[in-house]
Amino acid sequence: MALKPLNDRVIVKRKEEEEKTAGGIYIPDSAKEKPQGGEVLAAGPECQTVKAGDTVLFAKYAGSEFSMDGEELIIMREDDILGVFA
Amino acid sequence: MALKPLNDRVIVKRKEEEEKTAGGIYIPDSAKEKPQGGEVLAAGPECQTVKAGDTVLFAKYAGSEFSMDGEELIIMREDDILGVFA
Amino acid sequence: MALKPLNDRVIVKRKEEEEKTAGGIYIPDSAKEKPQGGEVLAAGPECQTVKAGDTVLFAKYAGSEFSMDGEELIIMREDDILGVFA
Amino acid sequence: MALKPLNDRVIVKRKEEEEKTAGGIYIPDSAKEKPQGGEVLAAGPECQTVKAGDTVLFAKYAGSEFSMDGEELIIMREDDILGVFA
Amino acid sequence: MALKPLNDRVIVKRKEEEEKTAGGIYIPDSAKEKPQGGEVLAAGPECQTVKAGDTVLFAKYAGSEFSMDGEELIIMREDDILGVFA
Amino acid sequence: MALKPLNDRVIVKRKEEEEKTAGGIYIPDSAKEKPQGGEVLAAGPECQTVKAGDTVLFAKYAGSEFSMDGEELIIMREDDILGVFA
Amino acid sequence: MALKPLNDRVIVKRKEEEEKTAGGIYIPDSAKEKPQGGEVLAAGPECQTVKAGDTVLFAKYAGSEFSMDGEELIIMREDDILGVFA
């Protein structure tokens, strides 16, 4: 990941398709006002609860979108992340 | 529960029907602007007053709704939970 | 009381009739924008100034209403309680 | 006074007439948006600068009005009290 | 001064005329949205930078006006006072 | 300077003309919504990063304007000052 | 750089063209409501995560624009900087 997030920020790539987890199936919600699923690509030095590779549920409207290598990514605060899929 | 809530967050499944408790009958209020009843499915590592399995009363408009295995769940902060049914 | 309030929350039953106290008569004010009288049914573990059984004056618009055993009750923060009738 | 104010709250009875003090005459201002004069009837356990019996000037719109023994009283925070008449 | 200001409050009498000081002439600005000049009549026990007798510049819209002995006075927080004329 | 600023306040005289500095030319921006250049005339006792004589860039809309000896001056908080010209 | 930013402030020159980095290509987004790319020209004494020479992604609407030597620069808080390009 070319961009290193600062402080407690996290870079997330939104997941559009179903998420089969050990404990159940999470179906992404297209409605942006609902929490969204995604994969953590990079976590800042102050992050304590998430790390690159985690699949997470994050708050609606979290962070800012930017594009890198043609991919739409989101950079947000760790506190915007609601939970981690087991 | 496939989703582990972070920090002080709690995952709750709303209870639609009457709640017979040792001390009295709680009748869920359909009006969303009133406190709602529900069951805690998972509590984050920083939660101190509620745990999975508790039946609780939570504040109106608390948290965000998301779906898992076709179930409508709510993820909220512990502070949104008003009381626990004995 | 079947519902145990959490933290500094208090469950109060509104008093509609006159309150004869050792030091004077408090007449409840029907206007909801004025402070209201009521009896404390249960106080959370962090409450320090009120307890079950106290008759209190509480701030207008305090807390949320919910029904239990057909009774309209209010759950509020301890700080919403203005004073205790001697 | 039948009602014991909690924490840093103060119960005040508004003074309508002139206040002759050792150091000058305070003329109450009928306009509610100006500071008002009054007598402290009771002060909560956390009050440090005013006590029952003090004649005080308090901020406009301070606190909430309620009636006790047919008297219109105001319950406010100590910080709403601007000064004490010598 | 009959009224003792509490905490960090200051009682100020607005100065309408020019203020000749050792270091220059301050001309009061009639426009109320500009800082105003005045004399401190009394300072509360927590005040550390101004005292009775100081001529000061204070922020626009600072504090509340009240009348004492027919004089229009202003009671404000010490932090509303911008500077002291040498 | 006849007026001594209190706490962390600074008195600044706006600079209208170009500012030739060792490292480059700063051209004042007439548009008030842009940062402005000026000279510090006096700094309060709590100021740590600016002193009288510094040429500074300060935030748009910072502080309050007042007149002294016919000069339009601005009194602002130290935190409104963005940078010091070398 | 003629202007020394104070405290935790950073002076940034916006980058309009593509940013080829070791780890990928960042394409600046003309839309101002999206995060922007730029180069740090100077960082204040309290800055801990960025330094002059870093290429960074900063929050939309961050800081204030000013001109120096005919260049449009932005002065912002360090916390407005989202990430540093490796």
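## Where chain A meets chain G

In strand β9 of chain G, the bridge partner of A:Lys4 is G:Val84.

A word on the model: it is predicted, with local features needing pLDDT of at least 70 and side-chain atom pairs pLDDT 80 or more, while totals for chains, interfaces and linings use all residues. Residues are numbered from 1 along each chain as its sequence is written, chains are lettered from A in the order in which they are written, and side-chain values use heavy atoms, without hydrogens and water.

Let's look at the interface as a whole. Contact means heavy atoms within 4.5 Å, and buried area is the accessible area (1.4 Å probe) lost on putting the two parts together, summed over both.

| Interface feature | Chain A and chain G |
|---|---|
| Residues in contact | 16 of chain A, 19 of chain G |
| Buried area | about 1600 Å², 54% on carbon and sulfur atoms |

Of the area that chain A buries against chain G, A:Ala2, A:Leu3 and A:Leu6 supply 31%, more than any other three residues.

The rule finds two salt bridges across this interface, each a side-chain nitrogen of Lys or Arg within 4 Å of a carboxyl oxygen of Asp or Glu. One of them joins A:Arg77 and G:Asp79 at 2.9 Å, N to O. On the side of chain A that touches chain G, the elements giving two or more residues are β1 (3-5), β7 (64-68) and β8 (71-77). Among these, β7(A) gives the most, with five residues.

Definitions and conventions:
Helix = DSSP H or I, 4+ residues; strand = E, 2+ residues; numbered from the N terminus. Pairing = 2+ DSSP bridges.
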